[in-house]
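Open the model in your viewer and keep the selection panel at hand. We will go stop by stop.

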Amino acid sequence: MNNITMKTTADELILSALREDITSEDITTNSVMPDYQLGKVELICKQDGIIAGLDVFKRVFTLLDPDTDFEFFCKDGDFVKNKDLLAVIKGDIRVLLSGERTALNFLQRMSGIATYTNSIVKLLKNTNTKLLDTRKTTPNMRIFEKYAVKTGGGCNHRYNLSDGILLKDNHIGAAGSIKKAISMAKEYAPFVRKIEIEVENLDMLNEALDAGADIIMLDNMSPEDMKTAVSLCKGRAQTECSGNVTKENIKNLTDIGVDFISSGALTHSAPILDLSLKNLTAI
């Protein structure tokens, strides 16, 4: 995550998370550590996985005290193992204690998404299909969660509603038909925008192709129908498979030949990666 993104977008969200955890003071820390004391603590990995979010983890502490010092022994995207020492953090013990949970919440969540994403990316090895995330993200965590998907080897779909045109069933219903929805989108949107539309069967697919859609999202279609759809779309539109895609069932989709597979599970169902701050001592 680059410095501009961190300062213009992430800082506000990190500060909000800190304010959520410290509304007035950290009563526990202030009771046992009333004055400044330099100390250090270790970031320990407790589970194998892909690490993601080290800059965000670091930023939690430096927003509380810019003099906090870090020595990292890994970088985002690295595979880390149980019991690995990932970093040593030095600074005001009060800052280390007060920032601990918020920093770990970000890092564990992001690393869990990267790890889960990477496990699915491996299942798509030796195919031409790319794995995409969705907008099914935790509110106010999208910038972090989509970064974690990329760190795990996946690709980002549109970031938000301003980022691309995706006509789904309710948009089609509002417009009146697939043909009308695509026609209206083409008239309204800049020519540089691709138009993607969701279809649920082959009749809808043919209507979307005839109307000039750029990308066809095959939603909850059978593997057999998706294979037919890919053949019909060849040379006319890109294809995306969607609908309850998980690590457990993606193997049924790997030989269909779609350009993209999107999975909301990458961000809404990935378990955290277990990490801990341990061995806090004064120095």
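Select Ile261 to begin; this residue belongs to strand β11, residues 260–262. The model is a predicted one. Is Ile261 buried or exposed? Its relative accessibility is 0%, so Ile261 counts as buried, the cut-off being under 20%. Now show what surrounds Ile261. Leaving aside neighbours within four places in sequence, Ile261 is in contact with Leu124, Thr129, Lys130, Leu131, Leu132, Cys241, Val245, Ile250 and Leu253. Ile261 and Asn105 lie 156 residues apart in sequence, and their C-alpha atoms are 28 Å apart in space.

**The parallel sheet**

Switch to cartoon and find the sheet that contains β11. Six strands make up this open sheet, in the order β6-β11-β10-β9-β8-β7, and their pairing is parallel. Its edges are β6 (130–132) and β7 (165–167), each of which pairs on one side only. From one strand to the next, the twist averages 25°.

Zoom in on β9 (residues 215–219) and β10 (residues 238–242). Five bridges pair these two strands in the parallel sense. Pick Ile215: which residue of β10 stands opposite? The residue opposite Ile215 is Gln238. Next, select residues 202–211, helix α8. Helix α8 packs on the sheet, where α8 touches β8 (195–199) and β9. The direction of α8 makes about 165° with that of β8.

**The antiparallel sheet**

Move to the other sheet on this tour. Here four strands form an open sheet in the order β3-β5-β1-β12, with antiparallel pairing. Strands β3 (69–72) and β12 are the edges, and each pairs on one side only. Ignoring direction, neighbouring strands of this sheet are turned by 20° against each other on average.

Center on β1, residues 38–45. How many bridges join β1 to β5? Seven bridges link β1 to β5 (residues 85–92), and the two strands run antiparallel. For an example, select Glu42, whose bridge partner in β12 is Lys278.

Helix α3 (residues 54–64) lies across β1, β3, β5 and β12, running at about 160° to β3. Helix α4 lies across β1, β5 and β12, and runs at about 165° to β12.

**Helix α4 and the core**

Stay with α4, residues 93–123. Look along the axis for a bend of about 50° at Glu100. Color by burial: 22 of the 31 residues of α4 are buried, so the helix is mostly covered.

Show the largest nonpolar core, which holds 79 residues. Leu43, Phe57, Phe144, Ile197 and Ile216 touch the most other members. Which helix gives the most to this core? Helix α4 does, with eleven residues. In soluble globular proteins, nonpolar side chains tend to be buried together.

Select Phe144. Not counting residues up to four places away in sequence, Phe144 touches Met1, Ala10, Leu13, Ile14, Val56, Phe106 and Met110. Phe144 is one of the buried residues of α5. Helix α5 covers residues 142–151, and eight of its ten residues are buried. Among them are Arg142, Glu145 and Lys146. After α5 comes Gly153, with a positive phi near 100°.

Most residues other than glycine have a negative phi. Go to Asn140, in the loop between β6 and α5. Asn140 is not a glycine, yet its phi is positive, about 70°. Is Asn140 buried or exposed? Its relative accessible area is 62%, so Asn140 is exposed, the cut-off being over 50%.

Finish at Asn279, in strand β12 (residues 275–282). Asn279 also has a positive phi, near 60°, and is a residue other than glycine.

Key
Residues are numbered from 1 along each chain as its sequence is written. This is a predicted model: local features need pLDDT of at least 70, side-chain atom pairs count only at pLDDT 80 or more; totals for chains, interfaces and linings use all residues. Side-chain values use heavy atoms; hydrogens and water are left out. A nonpolar core is a set of buried Ala, Val, Leu, Ile, Met, Phe, Trp, Tyr and Cys residues joined through side-chain atoms within 4.5 Å. Buried means under 20% relative accessible area, exposed over 50%, partly exposed in between (1.4 Å probe, protein chains only). Contact means heavy atoms within 4.5 Å. The bend at a residue is the angle between axes fitted to the seven residues ending there and the seven starting there. Two strands pair if DSSP finds at least two bridges between them. Axes are lines fitted to C-alpha atoms, for helices over the stretch in contact, and angles run from 0 to 180 degrees between N-to-C directions.
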